[in-house]
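Here is a short briefing on a protein chain. Look through the sequence and the structure before reading on.

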Amino acid sequence: MDKVERIGVSLDKKLLSKFDSLIARQGYKSRSEAIRDLVRQQLSSEVLSNPKAHAVAAVCLVYDHHATKVPQKLIELQHSHLLQAISSLHVHLDHHNCLEVIVLRGPVGRINKVAESLLSMKGVKLGKINLVATEHSSDS
Ligand code: NI
């Protein structure tokens, strides 16, 4: 943080009380830190709404490795999108189920396209894309 500016915020007492309870449950030590994180989240969401913005994403998939050819398809997809797939992690959850976490990097639009093609594959039981904006990440 270069320079810090203090601002005053007026809030309804009930709203402030709910906010304080929420941030206490989340483990925040101060309102300032919680508010800074909220502002960062909003700014990140704004960046992620632009398909050309750069981001990283963790794509989590749970699938039954007996039921389909998902593992082979996952490998093919990762190789055909080599620039976007930067890492992956495989965990054998039980006799049937596997968890795959694939980290993608690139423009938001391309990440979403690749991630959606993974999530929509036959045999994928659960899937989730977690995008994080990398633009302006050096700002406080
Ligand atoms: Ni497995």
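Predicted model: local features only at pLDDT ≥ 70, side-chain atom pairs only at ≥ 80, totals over all residues.

Residues are numbered from 1 along each chain as its sequence is written, and side-chain values use heavy atoms, with hydrogens and water left out.

**Helix pair H1 and H2**

- Helix H1 covers residues 13–26 and helix H2 residues 31–48. Helices (H or I, at least four residues) and strands (E, at least two) are DSSP runs, numbered from the N terminus.
- The two axes come within 11 Å and cross at roughly 90°. Axes are lines fitted to C-alpha atoms, for helices over the stretch in contact, and angles run from 0 to 180 degrees between N-to-C directions.
- H1 and H2 are therefore roughly perpendicular to each other, a label for angles of 65 to 115 degrees.
- H1 contributes Leu-16, Phe-19, Asp-20 and Ile-23 to the contact, and H2 contributes Arg-31, Ala-34, Ile-35 and Leu-38. Contact means heavy atoms within 4.5 Å.
- By class, the contact of H1 with H2 has six nonpolar, no polar and two charged residues. Ala, Val, Leu, Ile, Met, Phe, Trp, Tyr, Cys and Pro count as nonpolar, Asp, Glu, Lys and Arg as charged, and the others, Gly among them, as polar.

**Cysteines**

- The structure holds zero disulfides, a disulfide being a pair of cysteine sulfur atoms within 2.5 Å.
- Cys-60 is in no disulfide, and the nearest cysteine sulfur, that of Cys-98, is 14 Å away.
- Cys-60 is partly exposed at 30% relative accessible area, whereas Cys-98 is buried at 2%. Buried means under 20%, exposed over 50%, and partly exposed in between (1.4 Å probe, protein chains only).

**Asn-97**

- Asn-97 lies in strand S3 (residues 97–107) and is buried, with a relative accessible area of 15%.
- Beyond its neighbours within four places in sequence, Asn-97 contacts Val-62, Tyr-63, Asp-64, Val-91, His-92 and Lys-125.

**His-96**

- His-96 sits in the loop between strand S2 (85–92) and S3. His-96 is partly exposed, at 38% relative accessible area.
- Not counting residues up to four places away in sequence, His-96 touches Tyr-63, Asp-64, His-65 and His-66.
- His-96 and Lys-18 are 78 residues apart along the chain, with their C-alpha atoms separated by 43 Å.

**Met-121**

- Met-121 is in the loop between helix H4 (108–119) and strand S4 (124–133). Met-121 counts as buried, at 11% relative accessibility.
- Leaving aside neighbours within four places in sequence, Met-121 is in contact with Val-70, Lys-73, Leu-74 and Leu-77.

Conventions. Parallel < 35°, antiparallel > 145°, perpendicular 65-115°, else oblique.
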